[in-house]
Structures are given as C-alpha cells and as structure tokens.
Amino acid sequence: MPVINVEDLTEKDKAQMEVSQLRNEVKLERWLTSKCCEEIKDYIQAGVEEDILVKGIPEEKNPFKEKGGCVVC
C-alpha cells in the first residue's frame, strides 16, 4: 500500500478518505465491554499453566540468568 502524504491532498480528497473510513467502521460488529472482558479473562485463565508471564521462567531454563558473579576488590 503506497504512503499518502495527507498534507498534499485536497479538502475533497480528505473528506472522501474520511467517509470511506467511516463506512468501514460502521460495518464492524460491536460488543459490550463487559462481554469482552469476561471472554478475555476466561481465555487468560484457560492458558495460565503455560503462560510464562504468570508462571515465570524456571531458573535452569532462564537464558538471561547471570552465569557467574564478579568480585570487586
């Protein structure tokens, strides 16, 4: 998709782009926020056993664990 510099467009072109965007947005299916939140919560809870962000990385498999220490004398 080519890059469009909006500053180079005429007011008519800008209005046409805005109308086109609004037509696309009207077609989207809307859901209640409460329903979406429940589904997201259920999805997260279903995968909590495999989720590294919740469970954490085991020490022996952590690639970012420091291998050794440094002593300053």
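Let me start with the salt bridge between Lys-14 and Glu-11, whose side chains meet at 3.6 Å, nitrogen to oxygen. Keep in mind that this is a predicted model. Side chains of opposite charge can pair when their charged atoms come close. Where do Lys-14 and Glu-11 lie? Both are in helix 1, residues 11-26, and they are three residues apart, about one turn of the helix.

How exposed are the two partners? Glu-11 has a relative accessible area of 59%, so it counts as exposed, the cut-off being over 50%. Lys-14 comes to 29%, which makes this residue partly exposed. And how many salt bridges does a search of the whole structure find? One.

Next, the aromatic residues. The count of aromatic pairs is zero.

Which residues make it? Ile-40, Tyr-43 and Ile-44, and the patch covers about 370 Å². Ile-40 belongs to helix 2, which spans residues 33-46. With a relative accessibility of 51%, Ile-40 counts as exposed, because the cut-off for that word is over 50%.

Now the chain as a whole. What does the secondary structure come to? Three helices and zero strands. Read from the N terminus, the order of elements is α-α-α. The radius of gyration is 25 Å, while the globule rule gives 11 Å for 73 residues; the value is well over the rule, so the protein is more spread out than a compact globule. As for dimensions, the C-alpha atoms fill a box of roughly 70 × 40 × 20 Å along the principal axes.

Last, the surface. What share of the 73 residues counts as buried? The figure is 0%, where buried means under 20% relative accessible area. The protein exposes about 7700 Å². Carbon and sulfur atoms supply 59% of that area.

Technical notes. Residues numbered from 1 in each chain as written. Predicted model: local features only at pLDDT ≥ 70, side-chain atom pairs only at ≥ 80, totals over all residues. Heavy atoms only, no water. Patch = residues over 30% accessible without salt bridge, like charges linked within 9 Å, V, L, I, M, F, W, Y side chains within 5 Å. Areas by Shrake-Rupley, 256 points an atom, 1.4 Å probe, with all protein chains shown as cover. Salt bridge = Lys/Arg side-chain N within 4 Å of Asp/Glu carboxyl O. Helix = DSSP H or I, 4+ residues; strand = E, 2+ residues; numbered from the N terminus. Buried < 20%, exposed > 50% of the residue type's maximum accessible area, 1.4 Å probe, protein only. Phe/Tyr/Trp six-rings, centres within 6.5 Å; stacked < 30°, edge-to-face > 60°. Rg over C-alpha atoms; globule rule 2.2 N^0.38 Å.
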